[in-house]
Amino acid sequence: MRRVVITGTGMVSPLGCGTEVTWKRLLSGHNGARKVTEFEVEDLPAQIACRIPFGDGSDGTFNADDWMEPKEQRKVDPFIVYGMAAAEMALNDAGWHPQTDEDQIATGVLIGSGIGGLEGIVEAGYTLKEKGPRRISPFFIPGRLINLISGQVSIRHKLRGPNHSVVTACSTGAHAIGDASRLIALGDADVMVAGGAESPISRIALAGFAACRALSTQHNDDPQKASRPYDRDRDGFVMGEGAGIVILEELEHAKARGAKIYAEVVGYGLSGDAFHITAPSEDGDGAFRCMTMALKRAGLTAADLDYINAHGTSTMADTIELGAVERLVGNAASKISMSSTKSAIGHLLGAAGAVEAIFATLAIRDNIAPPTLNLDNPDVETAIDLVPHKARSRDINVALSNSFGFGGTNASLILRRYEA
Amino acid sequence: MSDIAERVKKIVIDHLGVDADKVVEGASFIDDLGADSLDTVELVMAFEEEFGVEIPDDAADSILTVGDAIKFIEKAQA
């Protein structure tokens with residue numbers, strides 16, 4: 001199979017607009033959580049979230065007008081705007097702007113979202129009830145559909161290759177990158193724009209995820225302490241928003257045009273728990289098989305792993321994942337660093353796997369493991385370095401990124417420092 | 001300029017994100033103002049909402065310019 005490398009990244013996150021600003025703030029311990037002020041939250045059990053820093057575009061703030069015309073923004077839910085922004089950043093970063101028929105047809109898009117346009121569906125529901133069907137906008141459907149990120153990106157940038165999307169809850173971003181890599185490996189495309197985007201922060205999503213008992217509800221008065229993976233006082237995840245997009249490219253294609261290569265995508269594993277709609281199987285077997293498959297595909301052993309970007313949502317499931325990793329790595333545990341960056345940016349749901357795969361890529365580039373914030377009192381003892389509080393400089397040549405979603409859907413990506 | 005014309009033009013400017021000086025009565029939504037077929041559906045809905053009139057689909061199909069919209073609404077409200 002053909003080799004696939006990452007040649008561009010783009011990101012909109014609760015720590016900022018842009019990959020580098022987010023990464024810098026992540027390494028220095030910034031925390032994106034705050035009380036939600038944009039809508040009524042007093043009657044909600046969870047009143048906090050990791051919101052994108054909205055602003056005029058300076059100092060890492062996100063200004064939607066920089067990425068999509070206001071009249072176009074009005075027709076779509078924000079997850080599409082975030083995806084468009086991150087995709088444009090990634091294409092610019094890769095320096096890939098195909099002009100010829102051949103190049104455009106060789107470039108595809110595979111961007112997913114866990115939920116898509118939830119808020120817009122709620123509003124249309126009110127319109128339907130109060131004003132009737134004649135008041136439903138012609139942009140209602142195309143502004144909410146999950147695959148319309150891929151559609152909009154392809155139209156904007158004239159990318160005429162495979163146009164696809166993934167919906168696997170919180171594994172979406174990782175599955176998108178894994179599946180897009182396969183399309184390149186199998187020769188269906190030379191370049192893929194891949195990742196995930198999500199804009200869930202709304203009354204209905206906070207109510208819905210709280211009803212699933214998935215959200216932190218005990219830290220409403222101290223939001224920056226709420227996301228605390230592996231800590232004994234963790235009580236649920238903090239909802240985040242944003243997008244992460246990578247440019248995946250066939251190795252020879254990247255070399256021929258002298259592209260900057262961040263890392264190689266060497267492993268991808270997928271599995272199903274077949275256990276419960278929201279809870280992971282308690283023995284962590286789905287996660288274990290997923291990581292095992294990724295290692296096998298990569299032709300690596302667990303002892304080759306340096307850094308793991310954990311799914312680590314700050315729920316009870318953290319220790320299940322940790323147990324699965326311990327089972328996987330055995331005696332190599334003490335040489336591995338594993339952190340949950342959800343401690344800083346919250347849980348970006350369908351965007352999480354993509355944003356976190358980018359973090360794993362940058363961990364390789366810069367030889368540094370980002371921290372797990374708020375890990376004051378680890379719930380269980382482990383020989384694995386969970387990178388508490390502060391980033392750790394260390395050799396990182398191979399990184400694994402885990403994502404697990406509702407429905408028992410698991411994805412693991414393995415990235416390796418590029419070597420010719 | 002009539003009040004109706006003023007309000008029609010404002011809707012067109014807001015929905016299509018175009019400069020006010022381009023929104024003249026002879027301007028075609030699709031050819032001159034950059035609208036696509038979905039934009040024109042939404043424009044007609046906005047006219048219905050603003051003026052409290054019903055514009056049936058076959059009538060909507062004949063509203064191609066800013067002037068067509070103004071004339072239709074003036075007639076409907078007469």
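Biologist: Why are α1(A) and α13(A) called roughly perpendicular to each other?

Modeller: In this predicted model, the axes of helix α1 (residues 19-27) and helix α13 (residues 352-366) of chain A cross at roughly 75 degrees and come within 11 Å. Axes are lines fitted to C-alpha atoms, for helices over the stretch in contact, and angles run from 0 to 180 degrees between N-to-C directions. Angles under 35 degrees count as roughly parallel, over 145 as roughly antiparallel, 65 to 115 as roughly perpendicular and the rest as oblique. The two helices are therefore roughly perpendicular.

Biologist: Which residues make the contact?

Modeller: From α1(A) they are A:T19, A:E20, A:T22, A:W23 and A:L26, and from α13(A) they are A:I358, A:F359, A:L362, A:A363, A:R365 and A:D366. Contact means heavy atoms within 4.5 Å. These residues divide into six nonpolar, two polar and three charged. Ala, Val, Leu, Ile, Met, Phe, Trp, Tyr, Cys and Pro count as nonpolar, Asp, Glu, Lys and Arg as charged, and the others, Gly among them, as polar.

Biologist: How do you know whether A:C170 is buried or exposed?

Modeller: The relative accessible area of A:C170 is 8%. Buried means under 20%, exposed over 50%, and partly exposed in between (1.4 Å probe, protein chains only). A:C170 is therefore buried. A:C170 touches A:H311, A:H347, A:L349, A:S403, A:F404 and A:G405, not counting residues up to four places away in sequence.

Biologist: Where does A:C170 lie in chain A?

Modeller: A:C170 is in the loop between β6 (163-164) and α7 (172-185). Helices (H or I, at least four residues) and strands (E, at least two) are DSSP runs, numbered from the N terminus. UniProt, in an unreviewed entry, places the feature "active site" at A:C170; such annotations may be inferred rather than shown by experiment.

Biologist: What makes strand β15 of chain A largely enclosed by the rest of the structure?

Modeller: Seven of the eight residues of β15 (residues 409-416) are buried, so the strand is largely enclosed.

Biologist: How do you know that β14 (residues 398-405) of chain A and β15(A) pair?

Modeller: Two strands pair if DSSP finds at least two bridges between them. β14(A) and β15(A) have eight bridges, in the antiparallel sense. A:N402 stands opposite A:S412 in β15(A). Strand β9 (residues 263-272) of chain A is also joined to β15(A), by eight bridges, and runs antiparallel to it.

Biologist: How are residues and chains labelled, and what counts?

Modeller: Residues are numbered from 1 along each chain as its sequence is written, while chains are lettered from A and ligands numbered from 1 in the order in which they are written. Local features need pLDDT of at least 70, side-chain atom pairs count only at pLDDT 80 or more, and totals for chains, interfaces and linings use all residues, with side-chain values using heavy atoms and leaving out hydrogens and water.
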